[in-house]
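Okay everyone, thanks for coming.

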Amino acid sequence: MPDHSYDLIVGLETHVQLLTETKLFCGCSTKFGAPPNTQTCPVCIGMPGSLPVMNRRAFELSLQAALALNCEIPEFTKWDRKQYYYPDLPKGYQISQYDLPMSQKGWLEIHDPKGRFQPKKVGIIRAHLEEDAGKSLHDEAAGKADSRIDLNRTGTPLLEIVSAPDIRSQEETRAYLTELKLLLTYLGVSDCNMQEGSLRVDANVNIHIETPQGKIATPIVEIKNLNSFRFIERALAYEAKRQYEIWQETGKKFGDPGTFKQTRGWDDAKGITFAQREKEESSDYRYFPDPDLCPVVTAAARVEEVRRGLTELPAAIRHRLEASHGITPYDSDVIVAQGRATVDYYEAVAKAAGDGKKAANWVTQEVMRVLNEQGWTLAQFPLTAASLGDLVKRVIGGEIEITRAKEVFNDMVANKRSATESMQALGIAKVDTSELEAICKEIVAANPKIVADVKGGKQQAVGALLGQAKKKNPNANPNDVRRICLELIEKA
C-alpha cells in the first residue's frame, strides 16, 4: 500500500489562560514572571480548611468566548473535582467541569487564503472552565539535578476548548488554531502567549486507512502540551507516519483487545513523539461535584446581553473589508491577522486615499515591512493614517509615480515629515506636460533603432527609453513617458 493512503483525523484540546488579575478561586495574582511560589495562598495550594470562591470575571470571559464560538449555554452548570496525583497539583485534584459544562455544541469556521482546503466548520464539543496546575521545572539538559515545583500558576483560570475530530490535515490544524487564537485576542479573553504558557494544545490523533476489507482506524494517541504551531504541525506529521508503519507491522486497530489510548510527548530536537503513559478514562479520575462551590445559573437574558455586547469578530471583519473596500481575501486576512489596531489604521488610510485596494497594498507591504525591520508595534509607527493616505492619494492622482512614492514614504518614516515636506526635500515635483513631451521627442529622435523595433511590432522595446527619460528628469513618470513615446513613434 503506498504512503499517504490514509486520512489524518485530529481533535484538539486547547487550554487558554484567561486575562484575569486574580486566580479562579482565590485572590492571588496571575501575573507572569514572578519569583517561584510567591503568588500562592492556602486556597490555591490546598491547605486544610481553606475554601474557594469563584472569580466572576473568569466566568464572564468564558461566556464571551463560548458565545463567539457559537456554543449553546445551559442555564445550569456545576463544578467537579477531577482526582489525580501529580507533584504540581498540590490539592491532589483539579476543580473542573465534567458532565454539565458551561458551554457545548458550537463551531468555528476555518479557511485558507491560499486555497489549500475549502472553508469548513470545525465542531466545538464543549468549552469548560477549570483551574490550571502548577509547573514542574526539570533538569532537561543533564538530567542530574532535582526537579522543582513552581506553584504560581496553580489556580489560574483556564478555558478548555475541545474540538470535534473534524480536522483532516496539518494545514487545517494551523488554520483552526490561528483563527481560535485571533478570535480570543480580539475578544480580550486571553493574550494567547504561547511562550508564557497562556495557550497550550493537546492533539488527539489517529488515522483512517482504506483496506480491501473496508476502512479501519488506528488507536488514538494524545500528544500533550504542544506550545508552538510549528511543533504541532511536525508532531502530527510524525505521528501519522508512525501509526501507519505500526499498523503495517502489527495490523492492530482501534477497538482491538489490549489496545488503549496512549499519551505521548513531543521531542522537537529529535523530531519524534515518545510514550508517556496509557491514557486515563473518565472513570479513572473519579469525578464528583465539588462540595465547596455553588453551581452557576446563567439566565437566558444574561446570555443574550453578553451576545449583543460581543466585539466584531475576525471573520465578520474580513467579510466587511472585502465587501466595503474591494480587497482580496488574502489582503483582508493579512490585515485582520495583525489585530484590531491595524484594521482601524487600514480603514483610515483607505478613507483618506479614496481607494481601498491601493491602501491595502501600502499597509500590507510597506507599512508591515517597516514594522518588521524595526521591530515596532503599530503604535510606534511614525506615520498617521491621514499622512499615508495623502501619499497614496497622490500616487492615484498621478502626482508621483510608485517608485518615487516609495522614496517619499521612506523619508516620511525616517524624518517624520508629511508627504509634501518629503517631496520638497527630495526635489520631487510633477513634471509639466510640455516639458515631458519635449523630453520624449528628444529621446525618440535619438533612438531610431528602438523606433524601428517598435514599428516592427516589438512594443516592449520602448522600455529602453524610460531610463533615458529618467536621466533627463528623475521626476518623469514612466507610464506617461511610455504613452507619449508610443504616440510619437506611431506618428513618425
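Here's a quick one to start: which residue in β9 does Val16 stand opposite? It's Leu159.

Before we go on, a word on what you're looking at: this is a predicted model, where local features need pLDDT of at least 70, side-chain atom pairs count only at pLDDT 80 or more, and totals for chains, interfaces and linings use all residues. Residues are numbered from 1 along each chain as its sequence is written, and side-chain values use heavy atoms, with hydrogens and water left out.

Two strands pair if DSSP finds at least two bridges between them.

Now stay with β1, residues 6-17. Is it mostly covered or mostly open? Mostly covered: 11 of its 12 residues are buried, where buried means under 20% relative accessible area, exposed is over 50%, and partly exposed is in between, using a 1.4 Å probe and protein chains only. β1 also pairs with β10, residues 199-211, again antiparallel, over 11 bridges.

Three strands make an open sheet in the order β4-β3-β15, with antiparallel pairing. Why does one side of β4 and one side of β15 have no neighbour in the sheet? Because β4 (93-96) and β15 (288-289) stand at the edges, each with a single partner strand. Between β3 (residues 80-83) and β4 there are 4 bridges, and Gln83 stands opposite Tyr93 in β4.

Okay, zooming out. The chain has 15 helices and 16 strands. Of its 492 residues, 48% are buried. The C-alpha atoms fill a box of roughly 95 × 60 × 55 Å along the principal axes. A compact globule of 492 residues would have a radius of gyration near 23 Å, but this chain has 30 Å; that's taken over C-alpha atoms, and the globule rule is 2.2 Å times the number of residues to the power 0.38.

Last one: take contacts between residues at least 6 apart in sequence, and 68% of them join residues at least 24 apart. Contact here means heavy atoms within 4.5 Å. That's me done, thanks!

Key:
Helices (H or I, at least four residues) and strands (E, at least two) are DSSP runs, numbered from the N terminus.
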